[in-house]
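Thanks for coming. Let's get the model up on the screen and walk through it.

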Amino acid sequence: MSETAKPDPEADALFEIVRLRYGDRLTTAQLDELRKIVAGQLEVARVLRAVALTNADEPIQPFAPYREESPLTPGPLTLPSPQRGEGDAR
Amino acid sequence: MIFTPVRELAALVRSRKVSPVELAEHFLERLERLGPKYNCVVTVMRKHALTQARRAEGEIAAGRYCGPLHGIPYGAKDLLATAGAPTTWGAAPYKAQHFDFDATVIRRLEEAGAVLVAKLAMIELAGGMGYRQPTASFTGPCVNPWDANAWTGGSSSGSGAAVCSGLVPFAIGSETWGSILSPAGYCGLAGLRPTYGRVSRHGAMALCWSLDKLGPLAQTADDCGLVLDAIAGADPRDPTASERPYRYETMDDKRFRFGLIPGVTEGCEEAVTENFTRSLGVLKKIGTIEEVTLPDLPYEQITRTILQVEAVSAFEDLIGSGGIAGLTAPEDRYTPYAREAILAQDYLKAVRLRAVMAREIDRVLRHFDALVAPGRINEAPVLGQEFRSALRATAKDVMGAIGNGAGLPAVCVPNGFGVRGLPTSVQFMGRAWEENTVLAAARAYQSLTDWHTRHPKVD
């Protein structure tokens, strides 16, 4: 955090989640950058929070109940796991 | 045959003045010779292509002509599963990845008789990890055929470079936010972002389930319509693929009602603004232009929040395992960790606001055939620089935020050149499912201009 930035306990708390989960695999420079990114994300969230919605405002729903209609089911609805080759770097 | 629109190539194939095998050999030779120059090819599909081309040739000779894509070569962004070739997602951790099936789009193009000649380079994981530079791909940056020091845009970078340099007549790209319109705009091509759900995503890498769209890049808006006609439609393997029927119709002689957001050129480079102003003059010949005020909503915050949260969820295995350390762009190796600090309630607020945005924008758009705006705010960024820092800090992409957040179709076409000699573009964005309307507007614009007939020197 820069010296001129105002203290923001919520941003600090959110950054702490990132640091606790992944701090052991990150450099100091990367953590500093992540602190700024988290603060930016919080600014975005605060803009969203400032818009009032009513109880009736719900997401456009993609969910639908599922029931397999054997034997007409055309196949899996999700992408099958990829086959990994020997050269895969993972 | 290079730079010949698909519609004209199709006439040559149908009349048997050119054979599909000749066409495939021609473009395969170009891909092998010039692909490295533009760094835009991951896999040349020579054997597969010649098999498909011979089949097409036999079918046409036997009088079984399938339509305008029959025997026409094309390239696919390397996030579409293709049996028998790697599907790398542009990312080193997946460079040996293979699938044993074809994506629905690949299968539909095969059914239309098109010939897959290459898998094309892309930004790693379609740019969803927060990249800021053209080098963010395990194959390196794509080079803009108009200027060897300029980028093509992303994330469908190879699709843009390959069509622009005449290595393929058309290519398939994907857009979550900007990934078709950006390379199309920077390369001086037509690029169509279909309505969300118009084209099945089955077999395409998932970046954001509720934002990802697949669409064509080609020499003309008309060609984009021909390709969309082949790839659109319901698919039981993608529940979000709509059952609304689609057939490409050209809607010739239509008069248009265009909407213009005041201040839409704010933050644009001077040449972009000048070219857009000149485009408005052309559009007045084919319709009316009225200023339109948008409802006051946080469009960019809505779409950005949804994109960031869905992307880290889609790649939670790679992120959680630390596998992102194997990505190419330094910022992609750590930025995703920050996304886990976005609260569920904030994500859901964005999703609820998205519904408001979709309704409010449709209320505006129902009075117009399309909103018009510059396709990009600038000429193509310079290679070797962080392009986000190259943009003005205040630059906004309201059209992109709305169009992608609300899942609306848009097409961009070239409308001139900037001070560095790189293309600029104009975009048309319409109501959901109105691809034919925005394509008709772009076609009408292209019938009055010749920007799409200008090409870079590539040989």
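How many helices and strands are there in chain A? Two helices and one strand. Helices here are DSSP runs of H or I with at least four residues, strands are E runs of at least two, and both are numbered from the N terminus.

Quick housekeeping. This is a predicted model: local features need pLDDT of at least 70, side-chain atom pairs count only at pLDDT 80 or more, and totals for chains, interfaces and linings use all residues. Residues are numbered from 1 along each chain as its sequence is written, while chains are lettered from A and ligands numbered from 1 in the order in which they are written.

Back to chain A. Along the sequence, the pattern reads α-α-β. Chain A has 90 residues, and 14% of them count as buried (20 or more other C-beta atoms within 10 Å of the residue's own, with C-beta atoms placed from the backbone).

Now the contact with chain B. Chain A puts in 38 residues and chain B 41. Contact means C-beta atoms, placed from the backbone, within 7 Å. On the chain A side, the elements giving two or more residues are α1 (9-22), α2 (28-49) and β1 (83-84). α2(A) gives the most, with 11 residues.

Over to chain B. Helices α9 (299-314) and α14 (398-405) of chain B have axes that come within 8 Å and cross at roughly 55°. Axes are lines fitted to C-alpha atoms over the stretch in contact, and angles run from 0 to 180 degrees between N-to-C directions.

Note on methods: Contact = placed C-beta atoms within 7 Å. Buried ≥ 20, exposed ≤ 12 C-beta atoms within 10 Å, placed from the backbone.
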